[in-house]
Amino acid sequence: MAQSPHVVEATVERFEADVFERSRQTPVVLDFWAAWCQPCRLLAPLLEKLADEYAGRFVLVKADTDQLPQQALAFRVEGIPAVYALRNGKVIDSFTGLLTESQLRQWLAAIIPSSAED
């Protein structure tokens, strides 16, 4: 994956700051995934593309459930991919499974403040 300022790989040490604290400044899309999960591998490039396209209107935080099992447990993740939208330190929406690009765009439109749109 090319480095993007809008995509963050979650770590145990930075999870709280990258997810909860960051969501106080800009919406965070938290993607729980695993390398062995085929739907996760299909969803990830779509989320990364949209994160770059939206250019900072949200930050994508990718959380590998194999590396962050306690965090996945805290979010009550039962299936992956599991994607959560956070704003002001709170979950405001979520979905589980694979969405199409147009479904993702609709979902993002509902969670991202429209004031940045022209």
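Two strands are taken as paired if DSSP finds at least two bridges between them. Helices (H or I, at least four residues) and strands (E, at least two) are DSSP runs, numbered from the N terminus. The structure is a predicted model, in which local features need pLDDT of at least 70 and side-chain atom pairs count only at pLDDT 80 or more, while totals for chains, interfaces and linings use all residues. Residues are numbered from 1 along each chain as its sequence is written, and side-chain values use heavy atoms, with hydrogens and water left out.

The protein chain contains 4 helices and 5 strands. Read from the N terminus, the order of its elements is β-α-β-α-β-α-β-β-α. The radius of gyration (taken over C-alpha atoms) is 13 Å, close to the 13 Å that the globule rule gives for 118 residues, so the chain is as compact as a globular protein of that length. The globule rule is 2.2 Å times the number of residues to the power 0.38. Along the principal axes, the C-alpha atoms fill a box of roughly 40 × 30 × 25 Å.

Of the 118 residues in the protein chain, 47% are buried; buried means under 20% relative accessible area, exposed over 50%, and partly exposed in between (1.4 Å probe, protein chains only). The chain exposes about 6,500 Å², and carbon and sulfur atoms supply 50% of that area. Accessible areas come from the Shrake-Rupley method with a 1.4 Å probe, and for residues only the protein chains shown count as cover. Contact means heavy atoms within 4.5 Å. Among contacts in the protein chain with a separation of 6 or more, 72% are between residues 24 or more positions apart.

Strand β2 is mostly covered, with 6 of its 6 residues buried. V28, L30 and F32 point one way from β2, whereas V29, D31 and W33 point the other way. β2 and β3 run parallel and are joined by 6 bridges. In this pairing, D31 stands opposite K62 in β3.

β4 and β5 pair in the antiparallel sense, also over 6 bridges. V83 stands opposite F95 in β5. The two strands β4 and β5 form a hairpin with 2 residues between them. N88, found in the loop between β4 and β5, has a positive phi of about 55 degrees although it is not a glycine. At 49% relative accessibility, N88 counts as partly exposed.

Helix α2 (residues 38-53) has 16 residues and reaches 24 Å from its first C-alpha to its last, close to the 22 Å expected at 1.5 Å a residue. The expected span is 1.5 Å times one less than the number of residues. The buried residues in α2 are C40, L43, A44, L47, E48, L50 and A51. An α-helix has 3.6 residues a turn, so residues three or four places apart point the same way. The cover over the buried residues of α2 includes β1 (7-9), β2 (28-33), β3 (59-64), β4 (82-87), β5 (90-96) and α4 (101-111). α2 is followed by A55, which lies in the loop between α2 and β3. The phi of A55 is near 45 degrees, a positive value in a residue other than glycine. A55 is exposed, with a relative accessible area of 51%.

A disulfide is counted where a pair of cysteine sulfur atoms lies within 2.5 Å, and by this rule the count comes to 1. The link is formed by C37 and C40, with their sulfur atoms 2.3 Å apart. The angle about its S-S bond is 80 degrees, and the link is right-handed. C37 is buried, with a relative accessible area of 4%, and C40 is buried at 2% relative accessibility.

C40 is found in helix α2. Its neighbours within four places in sequence left aside, C40 is in contact with W33, A34, I80 and P81. The last two, I80 and P81, are joined by a cis peptide bond, with omega about 0 degrees. P81 lies in the loop between α3 (69-74) and β4. C40 and V59 are 19 residues apart along the chain, and their C-alpha atoms are separated by 18 Å.
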